[in-house]
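User: I would like to learn how to read a few features of a protein model. Could you take me through them one by one?

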Amino acid sequence: MREDLIFSYERENRAVVDDHVSGQGCSVYMDRTRLADAAAMMLEAGYALDDITLLDVSEGIQGQYRFTHWDKQDRVTIRTIAPHDEACFPSIAGVYPGADWHERENMDFYPVNYEDHPNPTPLLLPDDMAEEHPLEKREKDRVSYFDIVPGQKFIECDSDHMLCSCALNLHSAKKDEFPLRCIPELRFKQPDMPANMRLEVEDGDFYSKHFETTYSDDRLVLNMGPQHPSTHGVLRVVLELDGEYVIRAEPVLGYIHRMHEKMGEVKTFHQYLPNMGRVDYLHALAWNHAYCLAVEKLADIEVPRRAELIRVITNELNRLSSHLLWWGAYLLDLGAFTPIMYAFEDRERIMDLLQVITGSRLTYCYFVFGGVTCDVPGDFAERTRSIVHTLRDRLPMFTALVTENLILRKRVEDIGVIDPSMCRRYGATGPVLRGAGVAYDVRMNSPYSVYDELDFEIPVYDGHDAMSRYMVRMDEMAESIKIIEQALDLLDGADDGHIIKKAPNAGFTPPSGEAYAAVEGARGKIGVYVASDGGKKPYRVKLRAPGFSNLSLFAECAQGTLLADAVSILGSLDLVIPEIDR
Amino acid sequence: MMNFAAIPEPALRLVLCIVALAVFIGLNGLLLVYMERKIAGHIQRRPGPFEVGPHGVLTPVADALKLVGKQLVAPEGADKWLFWTAPILSFMPIFVLFLPIEFGPNLFGVETNLGLLLILAFAGFNVLALCLAGWGSNNKWGLLGAARAVSQSVAYEIPLLLTVLAVAFMTGTLDLGEITAMQGAWPWQWNVVTQPLAFVIFFTCAVAETNRAPFDVPEAESELTAGFHTEYSGMGFGLFFLAEYAEMIVVCSVATILFLGGWKGPFISGPWWFLVKMYALLTIMMWFRWTYPRVRFDQVLNICWKWFIPLALANLLLTAVLVKVF
Amino acid sequence: MTIKANIKQTPKPEAGFLGTLRDTAKGLWSLVVGLGVTGKYFTDKQVTVHYPRQTVKPVSLTGYRGHIELVGKPKNPGTARCILCMKCMRICPSGCISIKANVEKPPKPPQTEEPKEGQAPLTKRPEPAPKKGKKSLAKFELDYSLCSLCSLCVTHCPVHSLRHSEHVYWAEMDKKNLKLDLLARLKRSVEEKS
Amino acid sequence: MAPQNPLTPAVTTVDSAMIASAPVQKVVDLCRAMSLWPMTFGLACCAIEMMAAGMARFDMARFGAEVFRPSPRQSDLMIVAGTVSKKMAPAVVRLYEQMPAPKWVMALGNCAISGGPFKFKGQYGIIEGVDQLVPVDVYVPGCPPRPEGLLEGLFQIQEKITGRRWWPLPEGFEPSPAGPDSAEVRKPASGEPETGKEGS
């Protein structure tokens, strides 16, 4: 009965607007056969792909494709469902190349297939875990989708929203025109290649073997990572080199996959908080913030103004420390050893300050539902002011030592050209997108917290190259200082407590529902999707990591560059690998 | 060191000289390692080695002894013969390089009127060693590093030679002793005044020749892990390390002789002036390393072929004309 | 709403012959400027804290959370305030706290067990069900190697029986030593003081 | 990294020394302790604190340990800084095997010690403690540990090599957190105040 209902929703291509409830803009339910066309339409309309989430409910596996428009304040989710015994979706990687990784990730975690996927290999899990699907729910754990989203929350969209017409168009086409072939043995398909053309590889692991498909005498296949100084952790990039030129690059992920999404389902809402400090340990507070915002949206918690201000201040301090580390590490990639030392000097000061209130130096667990764990001490404002002043005074030194340096400029100018269309296709956000000349910042486009009361600029550079991304981050540091100072001024007037009176306690169970919250992290748009069935534990947590999308364009961006430039591009994307692998 | 000119027998003199040089290179290597780490530390506002011995002076000694005591590993599939030849080959020619250098009045190993040529010729050996190291270790990073090293060294030898030639034109000799002798004690009597461009080019090329930052592309840490010596452990790595520092000493010595008046200096000339000048140049080299980002590999070659060689040629031409005119 | 985007032009090398020349000159000068910056810092004061001889305490260690510790009662510092509500154990995300209680028969309040259990908390006991008899803390173990220092146990403790230690200089050669018996630690710290 | 069980531990056989004389051994050990070159090998959060320990404020260089070598062949100390996933495990083992003897391993942070916060029932992706793969010499707990913790770990490795602690104890240093049993073992044996194993 219910199953009928959910499938009927799809057949009718209903658009549902529930932004204020779940933070997802409008949701469109459609039949999975039409997905590829819908994606093409979305791309044409200028939407960028945020992420692809799967939700395992008793009706089947629901695919949620989240799109964002950069200019309109619009977030669209296309939802489609596939029954468990026929879990197969058409791949939209042909339209949005960024979907490639999202789909591969989903194939790792769920027993689903994506038809016509260009490269159906495991992404995050080791290749010998192909038969295990850790996020697949047991039969008895599954709940109905309507337990998560009660029927009354579906509000029909009667507007002339683009998607409604898009849905109508699709509806008018006959269903038979989009046949879906479900091939269960789709995974691990080796590309068809004549045997004599295949390079015989005796050693190397699954990924190297999978990578080396064509035969050529003068090509060198090189494994950069998982232990390599410039991959900032354990990213591995398989490179095909012709001399020093990169012919093909393929990042291999999963070396620090820490099961964050699985942990979301086995821990309670509170217990999941410390994980948020460890997804992206350089801008941990942004993840704290996104998760708390999502859960607060779910449980309809209003956060006191003072708490919001503290959140903004600490968040921006954290952004400063993250950018400082990036600056140093990037210069380290480019071969300068000293800048990172100067950057850490300032970073240490910021970390000392954050440590006073959060208790740790980088893996913060400071925000809780309804506020922050503790109020700032009395001398906090004064200390913060003096620290950001010191930093502001040092920024010109950074410019003199590095930004204007001839050698650096030659290393970053016109390197790693990423244009807006590429960002759209891959879903890149953050400084990568702003370095491509697109003014998109979650703080500006869909303001959260108290950002809309503050006066600051979103630096955007139109150069599309590594230099632009570099400049965006350098300018953002100055803007963060501005934000902090203004928020500190406002903090004196706000004395409604650092946390709501009846803060959720250990037995906290938010009502069932789903919520999505996005914040602007140092690396881009951080999105947290939480679905709850009314239990103590989240039913599903999806973390949309900006680095994941940003890295996915590396393969295209690095093609034809020099090895040294590839390193420079990797650095300019500002990667934190645990965030990508989650 | 002692006055070698007083010893008549060339053979004995040579043996003594090599022993003295070995000590000199070893001591200077340790000193340079210490100096580099201290300079790096101070530039980065930290003390650098500090606790091992007073102000950490024993740290390089500990490093050296540790490297000696390390297990030697040759990777599977490496050409063992080439693999172990390479570090030795990189270190051995260093002795020859030191022989004609005149550290003080009559303080040199071999008196030869082709000293400069000898140094330039044997400096080329190092490339061979790096090439063998990269090729022999059966490592892709090593191979890339070796390829970079070869093309860089070959390219930079040309402007180096051209600038040296300019000085040779002026002085009319290739004998390092004579070149020193033709310069005066005071800075304005040094060749650097008449050949400033040559000095700049020579010094930059010297930085590149010794694979020092910002031209350290063959061992670019963030790109090629450790470049040609990726697979070397223990003393194999130690020898490369030592050879690099020894070469730095050689190029700075040559620069001192060619452009800065060698052991001559104001007030009391002598070997101390030589050491002061040499160490000043070494300090500048280290200062470069801890300030600049690395130049990209193709840019390294571009700088050489498109800037240094034409400039050095022009300089040489001008020198030739001027020498002819005056 | 005063957030606005500021679209700027990325600095590019100047065009034309003269521009290139100017650019090159500026670039070369920038190299000298860079040397100047590092040269200046060379002579500057160092920022290093010479660790074992000096520590960053107290200013820069404020707030740092070490592993958790039990807090003794104000009057009886050798006994933990703990009321055995087990909230900390339940909320701990990594399950690093294990608590064992002694259940005694109601008629005999004085302790007959080992001395380290101390007195059963008699004053306020809102949480545990008192029907079965008095409970007293027999064991409070922390497997620090699992802890994520999230402070959830500390903030959720109803009687403030937990705090973070300042014990941050800690390294062990044996993994077993990372399991702490907090009750024994509390005892010891009291003994040391007296 | 051929397909193998991710839990295959590393091979730890070492050739015997060429010169086996006690005084030589002592000097060499001292040199080794004072020149522990770590490998540039960051895994996760703790890697940032490892970097912080190398930076100006804490400056590991003071103890001769700042030469972060990117190649395992030239390093003496592997600092496992972060969570070791099953996918990464073969690489960790391989890196350890690539290091020339004598070599030491420090497990930095709770993830490397035991899986830390990422250990839960039914976990599928991480190795619960790097000591299952490679022999660990010193454990530095914390999530992440402060850079001082890393320095203490370094001192302990030096102590393990040479048999004594070389540096004074910092102010407010707590000798035996684990309890009297372990303190017993740690009592300074030779009478010198800074000897023994109190650097826990």
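Predicted model: local features only at pLDDT ≥ 70, side-chain atom pairs only at ≥ 80, totals over all residues.

User: How many residues of chain B and of chain D take part in their contact?

Analyst: Two residues are in contact if their C-beta atoms, placed from the backbone, lie within 7 Å. Here chain B contributes 30 residues and chain D 19 residues. On the side of chain B that touches chain D, the elements giving two or more residues are α1 (10-43), α2 (59-68) and α12 (234-259) of chain B. Helices (H or I, at least four residues) and strands (E, at least two) are DSSP runs, numbered from the N terminus. With five residues, α2(B) gives the most to that side.

User: What classes of residue make up the side of chain B that touches chain D?

Analyst: Ala, Val, Leu, Ile, Met, Phe, Trp, Tyr, Cys and Pro count as nonpolar, Asp, Glu, Lys and Arg as charged, and the others, Gly among them, as polar. The side of chain B that touches chain D has 10 nonpolar, 11 polar and nine charged residues.

User: How many residues of chain C are in contact with chain D?

Analyst: 33 residues of chain C meet 40 residues of chain D. At least two residues each come from β6 (179-181) and α4 (182-193) of chain C, and α4(C) has the largest share, three residues. The side of chain C that touches chain D divides into 18 nonpolar, seven polar and eight charged residues.

User: In what order do the three strands of the open sheet in chain C lie?

Analyst: Two strands pair if DSSP finds at least two bridges between them. The order is β3-β4-β6 (chain C), with antiparallel pairing. β3 (97-103) and β6 of chain C are the edge strands, each pairing on one side only. β3(C) and β4 (residues 135-143) of chain C are joined over seven bridges; V103(C) has K135(C) in β4(C) as its bridge partner.

User: How are two packed helices described?

Analyst: The description uses the angle between their axes and the distance between the axes. Axes are lines fitted to C-alpha atoms, for helices over the stretch in contact, and angles run from 0 to 180 degrees between N-to-C directions. In chain A, α10 (residues 284-299) and α11 (residues 305-333) pack at about 145°, with axes 8 Å apart. A284(A), L285(A), A286(A) and H289(A) of α10(A) meet R311(A), T314(A), N315(A) and N318(A) of α11(A).

User: Is R45(B) buried or exposed?

Analyst: A residue is buried if 20 or more other C-beta atoms lie within 10 Å of its own, exposed if 12 or fewer, and partly exposed in between; C-beta atoms are placed from the backbone. R45(B) is buried because 21 other C-beta atoms lie within 10 Å.

Definitions and conventions:
Residues numbered from 1 in each chain as written. Chains lettered and ligands numbered in written order.
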